[in-house]
Amino acid sequence: MEFTVKQIATLLGGEVAGNDTLAITKLAKIEEGRPGDISFLSNLKYEPHLYTTQASAVIVDRSFQPRKPVEAALIFVENSYSAFTRLLEEYHQRMSFARVGVEQPAFAGDGAQFGEQVYRGAFSYVGRNCRIGHNVKIYPHAYIGDNVRIGDNTIIHTGARILDNCIIGQYCVIHPNAVIGSEGFGFAPQPDGTYKTIPQLGNVILEDFVNVGSNTTIDCATMGSTIIRQGVKLDNLIQIGHNVEIGKNTVIAAQTGISGSTKIGENCTIAGQVGFAGHLTIANGTKVGAQSGVGKNVYEEGTALNSSPAFGLKESMRSLAVFRRLPDLERRLTYLEKKTEK
């Protein structure tokens, strides 16, 4: 994929100093730049690399003034970091959606319908009566069960599984080996000590702009739907139980587990390895520190939690401070006991 410096400057709303006809084919770090690359300078700690880089172009802030001659073409923008991020997005978008057509072998069941500009990779499987939107990309070895709905511009990466009756919105990304709609963990204890499987008859709904990381599992509902609202971002290796609901624009880091029927609000930030008990209600804007265990409802918006079991962040930090001092406190207590005895 090739662009000129001028085309990139136009995309970013920037101004060029230098040769704007140079061809750009790749993005690179400023210290590793080669001819045909474009990079950026945001942190002035890397300014020395600007004068030695072989990159063809570098994006810089409008306020930046070089102290030495620069061989690369400079693109001046309001914020070089944000501009380079925008360029990364554009590059990724074009690369992700470049493929079109059906590779063989690929399977589509009876009644499956596909929009325009769809890509289906080799060994992909699409079940019966599916509705696949425009510009959807289904990579090799992906599996899509019966009666699935997938919105426009969604990407299903290799090895991902979307099981029967699930609904995926527009502009979603399902990363490799994620499983959406697997059977929820429902077992009824019996008098003889065994467990009887409770059939899981619901589905999973992902609204628009949801990202699901590799090896993340989202269980279908027992009845009704497990719902992941618009803009949610899920890291790798997350377990989401049956009938869970996650509110808009919530971000959850790796190895978090959410037990069944818990409702997490909007704009929450959940760090790695957090565990949620089942049937909880978590307020909007809640922040939970890594390895915390949440076993109670959170009703106040904007609450910050930490520790396991999780409790108030300030109280948690004070408790940790005391915990670190326990050996010293024990020595002092022993000394006072002996002194009292004497």
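## Ile205 and its neighbours

Contact here means heavy atoms within 4.5 Å. Leaving out residues up to four places away in sequence, Ile205 touches Ile167, Ser225, Thr226, Ile227 and Ile228. Ile205 sits in strand β24 (residues 203-206); helices (H or I, at least four residues) and strands (E, at least two) are DSSP runs, numbered from the N terminus. With a relative accessible area of 22%, Ile205 is partly exposed; buried means under 20%, exposed over 50%, and partly exposed in between (1.4 Å probe, protein chains only).

## About the model

This is a predicted model, in which local features need pLDDT of at least 70 and side-chain atom pairs count only at pLDDT 80 or more, while totals for chains, interfaces and linings use all residues. Residues are numbered from 1 along each chain as its sequence is written, and side-chain values use heavy atoms, with hydrogens and water left out.

## The annotated residue, His242

An unreviewed UniProt entry carries the annotation "active site" for His242; such annotations may be inferred rather than shown by experiment. You will find His242 in the loop between β29 (239-240) and β30 (245-246). His242 counts as buried because its relative accessibility is 17%.

## Salt bridges

How many salt bridges does a search of the whole structure find? The search finds 10, each being a side-chain nitrogen of Lys or Arg within 4 Å of a carboxyl oxygen of Asp or Glu. One of them joins Glu15 and Arg62, with the closest N and O atoms 3.8 Å apart. This pair links distant parts of the chain, 47 residues apart: Glu15 is in strand β2 (residues 15-17), and Arg62 is in the loop between β6 (57-61) and β7 (73-77). Glu15 is exposed at 53% relative accessibility, whereas Arg62 is partly exposed at 32%.

Another salt bridge pairs Arg86 with Glu90, the closest N and O atoms being 3.2 Å apart. These two residues are separated by about one helical turn, because they lie 4 residues apart in helix α3 (residues 80-96). Arg86 is partly exposed, at 34%, but Glu90 is buried, at 18%.

In helix α5, Asp328 and Arg331 are 3 residues apart, so about one helical turn separates them. Their side chains meet in a salt bridge (3.7 Å, N to O). Asp328 is partly exposed, with 33% relative accessibility, and Arg331 is exposed, with 54%.
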